[in-house]
Amino acid sequence: MIYRILTEDKGNIAQIVSKHFDAFTIIRAQGYWKGTAENSVVIELDSLGLADMLFSSRVHILATDIKTTNNQDAVLVQKITAESELV
C-alpha cells in the first residue's frame with residue numbers, strides 16, 4: 001500500500017516526516033488551495049507489507065502533525081493499492 005500526503009511546503013517537511021518514518025519520498029510541486037498558488041510537496045510512504053492498520057494510523061498521525069505544525073486548513077491523504085518489493 002502506498003500512502004501519499006499532499007501539503008504545503010513550508011521548508012520543514014523532511015524534518016517533520018523523519019520524526020515519524022525512516023523511509024519516504026518527497027516530491028516538490030506547485031499546488032493551489034482556494035485559488036491561490038503555493039509551494040507544495042507530495043510525500044510518498046510505502047507500507048512494504050507492514051500491518052496496514054498500524055501503518056495507516058501512523059500516516060494519519062503524521063498528517064495531523066504536518067497540519068498542526070504548519071497551521072494549515074487541511075492536508076490531503078491518499079491511500080493507493082500497490083504491490084511493492086525491494087530489489
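A pocket, on a 1 Å grid over the protein atoms alone, is an open set of points where a 1.4 Å probe fits, with protein on both sides within 12 Å along at least five of seven lines, and its lining residues have an atom within 4 Å of a point. Grid points are joined across faces, edges and corners, and a volume is the space filled by probe spheres set on the points.

The model on display is predicted: local features need pLDDT of at least 70, side-chain atom pairs count only at pLDDT 80 or more, and totals for chains, interfaces and linings use all residues. Residues are numbered from 1 along each chain as its sequence is written, and side-chain values use heavy atoms, with hydrogens and water left out.

Select β1 (2-8) and β3 (36-46); helices (H or I, at least four residues) and strands (E, at least two) are DSSP runs, numbered from the N terminus. β1 and β3 pair in the antiparallel sense over seven bridges, where pairing requires that DSSP finds at least two bridges between two strands. Within this pair, Tyr3 stands opposite Leu45 in β3.

**The nonpolar core**

Now select Ile5, Ile43, Leu45, Val59, Leu62 and Ile66, which touch the most other members among the 15 residues of the largest nonpolar core. Such a core is a set of buried Ala, Val, Leu, Ile, Met, Phe, Trp, Tyr and Cys residues joined through side-chain atoms within 4.5 Å; buried means under 20% relative accessible area, exposed over 50%, and partly exposed in between (1.4 Å probe, protein chains only). β1, α1 (13-18), β3 and α2 (52-69) each supply at least two residues of this core, and α2 gives the most, with five residues. Centre the view on Ile5: leaving aside residues up to four places away in sequence, its contacts (heavy atoms within 4.5 Å) include Val41, Ala63, Val75 and Val77.

Turn to Leu6, Thr7, Glu8, Trp33 and Glu38, which lie nearest the centre of the largest pocket, among its 17 lining residues. The volume of this pocket is about 280 Å³. β2 (25-33) contributes to the lining together with β1 and β3, each with at least two residues, and the largest share, five residues, comes from β2. The lining divides into nine nonpolar, five polar and three charged residues; Ala, Val, Leu, Ile, Met, Phe, Trp, Tyr, Cys and Pro count as nonpolar, Asp, Glu, Lys and Arg as charged, and the others, Gly among them, as polar.

For the second largest pocket, of about 160 Å³, select its lining residues, including Phe21, Asp22, Leu45, Phe55 and Arg58. β3 and α2 each supply at least two residues of this lining, which comprises six nonpolar, one polar and three charged residues.

Asp9 lies in the loop between β1 and α1 and counts as buried because its relative accessibility is 18%. Asp9 touches Arg28, Asn39, Ser40 and Val41, residues up to four places away in sequence not being counted. A distance drawn between the C-alpha atoms of Asp9 and Glu38 spans 7.8 Å, although the two residues are 29 residues apart along the chain.

Most residues other than glycine have a negative phi. Lys34, in the loop between β2 and β3, has a positive phi near 55 degrees, and is exposed at 67% relative accessibility.
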